[in-house]
Amino acid sequence: MNTRKTTIEFGDFQTPKLLAEQVCDCLLKIGVDPQCIIEPNCGQGQFLLAAAKAFPKSQLKGYEINPDYCAQASHALQSEGKNNCVEVQQADFFKTDWQLELPALQQESLLVLGNPPWVTNSVLATLESKNAPVKANFQAMKGMDAMTGAANFDISEWMLIQILSWFKARQGAIAMLVKSAVARKVLAHAFVQKLGPSRAWMAKIDAKQHFDVSVDACLLYIGFEAELKQVQSSYQVYPSLDLCDGQEVGFFQGAWVTNPQAILQHAHLLRAHKPLDEFKWRSGIKHDASAVCELKRQGDVLLNGLQEEVHIEPDYLYPLLKGSEVANGAVWSGKQLLVTQKSVGQSTELISVLAPKTWAYLMKHADVFDKRASSIYKNNPRFSIFGVGSYSFKPWRVAICALYKKLDFVVIAPIECKPVMFDDTVYYLAFDTEQQAKSAQKQLHQSSVQSLLNAMIFWDEKRPIKTSILNRIDLDFGQTQDLQTQLGFEIA
């Protein structure tokens, strides 16, 4: 058995004993006193053991898909003399009918505790895993977002959203170890769907220390009352499980913001409506065929990622800057990108007439394009790319890499009389003139704009900078007379 593949497939990061005990102590400190505790993915049983000691009067039920872990958990509980108050059952979360499991607990205070899998649906698809929910657009995304990376989600996110539904008219709490980005998405879902958390907070944990993974993670707590008097519209973020020195996060235009006061102070810089095309942030080109589409000049020779010499017409070749290059000075390394379309959906067969060598090269490597897994390429012309339009061919840009944790906007000039292309980790504005680009850069580097962006960005995320955030900024800086009406936001 491939141990690493299994670990990734099942998000199998077993909770250390000390961390499980610290979490339960934290819950005791805030007065959590459940009649029943459920752990939907109990693994080897460390959380069940810690909970049995912390909440001796509670009935515990653990569910686990791995039969070996079920046996280990049962044995550990028996060794500690806790097997009489804890039931361990082999079950697949995605196939269990929770509506049948939960009615017996209807009148009881419930705590759902644990450490759900830390893995995304796209990784599971790559592994061809069966340990995943039925595919569905559960986030209700539209258009391209539903087909591309924006619709990628953590399995724990899907599970927690299902668990939220267990607390309709029921008192209790959810306390789960999750990625911080997942916690924010789940809380936003709870607020938007009016699922009624009475109290919510996140307490950061050291994932590197406890799980040897480099990711920002936390204990997510969501409390519920049987009869909710007031819907929770903010939450606290604590630096540790001590629950001291919390920072309030507020809800604004359908998303959480780190600094509600900065939002109010600089709200006149925000757009009241969607941006016009000329002020819209775009993503770089997505092609999923870097070995063929990305070329590098070495002397007088062009080489592809397969280290083959490439002899094609220059018509469809454009200078390429990768995200890391944009973030580190925008010095061109000589890379070029084969751009097969001027707009999404455009037929690529014209290449065979205008650039026969390029067409022959594409046909030689057609299998690379045909094997691309993303659904965005289906029912589109062969050799299609995405993130391309008339804006792609404007000569000047202001660009930023979405992966780097700094708000450094760079002016990008044409190279060799051609507009520069980016990979899809880069977001940019396109302009006709250098003056326009430098003016936009100057505005984006103003302290007020930087403060506003920082209030909307969560820097612990893998891709903290998003077009949905950048497109909120009004480069015209139009003044707002009635913020509450025109912007339609809520801040706790």
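User: Which residues is Q336 in contact with, leaving aside its neighbours within four places in sequence?

Analyst: This is a predicted model. In it, Q336 is in contact with C293, E294, L295, R297, L302, L317, Y318, P319 and L320, once neighbours within four places in sequence are left aside. Q336 lies in strand 16.

User: Is Q336 buried or exposed?

Analyst: Read the relative accessible area. For Q336 it is 9%, so the residue is buried.

User: Strand 16 also holds K335. What does K335 pair with?

Analyst: General idea: side chains of opposite charge can pair when their charged atoms come close. Here K335 forms a salt bridge with E325, and the closest N and O atoms are 3.9 Å apart. The pair links distant parts of the chain, with E325 in helix 13 (residues 323–327) and K335 in strand 16 (residues 335–338), 10 residues apart. The cut-off for a salt bridge is 4 Å.

User: Are the two partners buried or partly exposed?

Analyst: One of each. E325 has 14% relative accessibility, so it counts as buried. K335 has a relative accessible area of 25%, so it is partly exposed.

User: How many salt bridges does a search of the whole structure find?

Analyst: The search finds 13. One of them joins the side chains of D460 and R184, at 2.6 Å from N to O. D460 lies in the loop between helix 18 (447–456) and helix 19 (467–470), while R184 is in helix 9 (residues 180–192), so this pair ties together parts that are 276 residues apart in sequence.

User: What else does R184 bridge to?

Analyst: E461. The closest N and O atoms of E461 and R184 are 3.2 Å apart. E461 is in the loop between helix 18 and helix 19, and R184 is in helix 9, so the pair ties together parts 277 residues apart in sequence. Both E461 and R184 are buried. For R184 the relative accessibility is 6%, which is why it counts as buried.

User: Which residues make up the network of salt bridges?

Analyst: R184, D460, E461 and K466 are linked in it.

User: Where is T467, and what does it touch?

Analyst: T467 is in helix 19. Not counting residues up to four places away in sequence, T467 touches W281 and Y427. Its relative accessible area is 25%, so T467 is partly exposed. T467 and A402 are 65 residues apart in sequence and 8.9 Å apart in space, C-alpha to C-alpha.

User: Which residues of helix 2 are buried, and why do they line one face?

Analyst: General idea: an α-helix has 3.6 residues a turn, so residues three or four places apart point the same way. In helix 2 the buried residues are L19, A20, V23, C24, C26 and L27. Seen down the axis of helix 2, these buried residues fall within an arc of 155°, so they line one face.

User: What covers the buried residues of helix 2?

Analyst: The cover includes helix 3 (46–54), strand 4 (110–114), strand 5 (172–179), strand 6 (199–205), helix 10 (207–211) and strand 7 (217–224). Just after helix 2, G31 takes a positive phi of about 90°.

User: How many disulfides does a search of the whole structure find?

Analyst: General idea: a disulfide is a covalent bond between the sulfur atoms of two cysteines. The search finds 0. C42 is in no disulfide, and the nearest cysteine sulfur, that of C70, is 5.7 Å away. C42 is at 4% relative accessibility, so it counts as buried. For C244, the closest cysteine sulfur is in C26, at 10.0 Å, which is too far for a bond. At 44% relative accessibility, C244 counts as partly exposed.

User: What pLDDT does the protein chain average, and where is it below 50?

Analyst: The chain averages 85, and 84% of the residues score at least 70. Over residues 121–132 the pLDDT is below 50, and this stretch has 23 contacts in the model beyond near neighbours in sequence. Residues 477–492 also have a pLDDT below 50, with 37 contacts in the model beyond near neighbours in sequence.

Key
Residues numbered from 1 in each chain as written. Predicted model: local features only at pLDDT ≥ 70, side-chain atom pairs only at ≥ 80, totals over all residues. Heavy atoms only, no water. Buried < 20%, exposed > 50% of the residue type's maximum accessible area, 1.4 Å probe, protein only. Helix = DSSP H or I, 4+ residues; strand = E, 2+ residues; numbered from the N terminus. Arc of directions from axis to C-beta. Contact = heavy atoms within 4.5 Å. pLDDT = per-residue confidence, 0-100. Disulfide = S-S within 2.5 Å.
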